[in-house]
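These notebook entries record what I looked up in the structure shown below.

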Amino acid sequence: MVELQKKQNRGFWTRLWRLPRAWVGGALILLVGIGALLAPVLAPDDPLQQFRDGLSDVGTPLPPNGRFLLGTDHLGRDIWSRTLYGAQISLFVSLVANITASVFGTLVGMLAGYYSGIIDTILMRVTDVLLAFPAILLALGLAAVLRPSVSVVVVILTVITWPALARLVRSQVLIVRERAFIESARASGAQDGYIMFWHILPHTITVTIVWVTLSFASTVLVESSLSFLGVGVPLPTSTWGNMIAEGQSRYRIAPWMIFVPTVAIIITTLGFNLLGDAVRDAIDPRTSLQK
Amino acid sequence: MIGYLIRRLVGAAGVIFGVATITFIMVFLMPGDAARMYAGPRAPEETVERIRELWGLNDPLPVQYVRYLGRAVQGDLGNSTRDSRPVLQAIFERLPATLQLAFSGLLVELLIGVPLGILAALRPGSWADGLTTFLSLIGISIPPFALGLVALYLFGFLIPIFPLGGYGTVLHLILPALVLGFGGSAFYSRVLRNSILDVMGDDYIRTAKAKGVSPRWVLLRHILRNALLPVVTLAGLDLALLLGGVVVIEAVFGWPGIGLQAWTAIRNQDTPIIMGTVLFASIAVVFMNMLVDLLYITLDPRVRLTKG
């Protein structure tokens, strides 16, 4: 059994290795990741520093030039440095939100699927209710209620992310639960918790992994939308979303203020979408046949 | 059928009840003193106290909760703390603009998605197929608000074809509708493509072809009729999503819909408007889900209700 599992796992990595999408996606993510981690080293300037020579004589932002690689914003700040530091926020917030959402979603999905009955009904009604809220609107409401901060954004993203995963895991558990080895585990006296952790979780974990890679991209998008709407990570911290928001009223004189962070967002989301797609195909080769 | 309908209605009512409860909790958590906001910072304390009394803010929480639910059922979502208009009235005033945008966005999705999906399915591996895969990837990777701004810059400023936001003429509608529909269109083409490929393998298609029915007729009469089913479902669900998701697009284009209204309400700390919009949009989602299911049963007699 363990041998078989290993063989399947080896198959997964080989299959993933052979998909160009995985390479491109991985490279893009690596690019953004390095940018975020090494921001203090790579960024030529302090992202919050307002330079006197960062504005033109008439006080307009500077286009990309030798001194400021990607230009400056309306306060004379270096956009390249702000974009690098923005990567830190985006990746950190999305990472934490997805980890919490995947733990919570998996847990709820397992409990609902394993116990069925009243626990299942209650938990699934809760996901029904949460899924009925349009994500951005719910986030807008939550952001209005809680004072915007990094942790509030993480909470918002987690709240809108976990219900869909919980449903997915539950449907998976419902299938696994009926298999013979679960019955035999129970017959040999295994407790519910033990069965769930050692026998069911290994079968649902792949679903979670695929789902998280794909959801990472949408989390980044929602995070930037919240920042853009002014209900995300508060100023003066630079995020891609609030950089674009600041460029919104100035794009006619300084289009780079919106182009640069837009490209940064696309690189990130494209990376995760490509990798997620590849991971899904590599884990379940049958799906790639249908495409 | 009637039993199913009743079950669905009860389920929907339950979800709406849950949604209303959550919005109530959110209203209660709202920082700041609504009565003080309404009275103004310099109003004497007794005035504020009177407003609190008038609005029932001094009552115990359960009492407020029951009252909130009771009023919501009658369509009373409270009044705006800014201009004391009824929230529902404020939503209905802005709703036509949002509906107009949402339907136009849906139309764009279908106009791009359906032909592309058919092309992709007829020739798997062709340029059309490649294009749908590429577009769907780009579509889900571009933040709509950024796409909107870039579109405004390119087609409103550099090449001044469209107005730089606002509301009124068809020209005002085109850019936001295109931006709104772009992301989803490739999704439709992917779904339609897979659905056509599924149907194509069915026996009755082979029979039709063997009878000598012309390929075009087979496509129109036999394949598309069945393959479009999932697209209909998607469109229904999507419309509900578009209703709530247009917030960012409305913010970018200054489109005076319910999303823009909710967004400006945040700056004014106008909680009733925000929560009213959230509640309203969620109820719309629940009803659209139900409608789609019912439509599906009518359109596809193969769907049996016994499973519940």
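Predicted model: local features only at pLDDT ≥ 70, side-chain atom pairs only at ≥ 80, totals over all residues.

**Entry 1: the domain interface of chain B**

I looked up the area buried between domain 1 of chain B and domain 2 of chain B and found about 1,500 Å², with carbon and sulfur atoms giving 82% of it. I take buried area as the accessible area (1.4 Å probe) that two parts lose on being put together, summed over both. I note that helix α1 (residues 2–29) of chain B gives the most to the side of domain 1 that touches domain 2, namely 13 residues. Helices here are DSSP runs (H or I, at least four residues) and strands likewise (E, at least two), numbered from the N terminus.

Residues are numbered from 1 along each chain as its sequence is written, chains are lettered from A and ligands numbered from 1 in the order in which they are written, and side-chain values use heavy atoms, with hydrogens and water left out.

I checked the domain bounds, which come from an automatic or database domain assignment: domain 1 of chain B covers 2–73 and domain 2 covers 90–307. Contact (heavy atoms within 4.5 Å) joins 17 residues of domain 1 of chain B to 16 residues of domain 2 of chain B.

Across the two domains of chain B the rule finds 0 residue pairs in polar contact, with both residues required to be at pLDDT 80 or more.

**Entry 2: chain A**

I counted 12 helices and 0 strands in chain A. Of its 291 residues, 51% count as buried, where buried means under 20% relative accessible area, exposed over 50% and partly exposed in between (1.4 Å probe, protein chains only). Among contacts in chain A with a separation of 6 or more, 72% come from residues 24 or more positions apart.

**Entry 3: the interface of chains A and B**

I found 37 residues from chain A and 42 residues from chain B in the contact. The area buried between the two chains is about 3,700 Å², and carbon and sulfur atoms give 80% of it. On the side of chain A, Leu137(A), Val145(A) and Tyr251(A) lose the most area to chain B, together 17% of what that side buries.

I counted 0 salt bridges between chain A and chain B, and 4 residue pairs in polar contact (both at pLDDT 80 or more). The largest share of the chain A side, 9 residues, comes from α11(A). I sorted the residues of that side into 25 nonpolar, 8 polar and 4 charged.

**Entry 4: salt bridges**

Glu246(A) pairs with Arg82(A), with the closest N and O atoms 3.7 Å apart. This pair links distant parts of the chain, since Glu246(A) is in helix α10 of chain A and Arg82(A) in helix α4 (residues 79–115), 164 residues apart. Is Arg82(A) buried or exposed? At 0% relative accessibility, Arg82(A) counts as buried, and Glu246(A), at 15%, also counts as buried.

I next noted a network of salt bridges that links Arg125(A), Asp128(A) and Arg167(A). Arg125(A) and Asp128(A) have their closest N and O atoms 2.9 Å apart; both lie in helix α5 of chain A, 3 residues apart, about one turn of the helix. For Arg167(A) and Asp128(A) the corresponding distance is 3.2 Å. Arg167(A) lies in helix α7 (residues 150–177) and Asp128(A) in helix α5, so this pair ties together parts 39 residues apart in sequence. Arg125(A), at 42% relative accessibility, counts as partly exposed, and so does Arg167(A), at 30%.

Definitions and conventions
Polar contact = N/O pair within 3.5 Å; in protein donor to acceptor, adjacent residues only side chain to side chain. Salt bridge = Lys/Arg side-chain N within 4 Å of Asp/Glu carboxyl O. Nonpolar A, V, L, I, M, F, W, Y, C, P; charged D, E, K, R; others polar.
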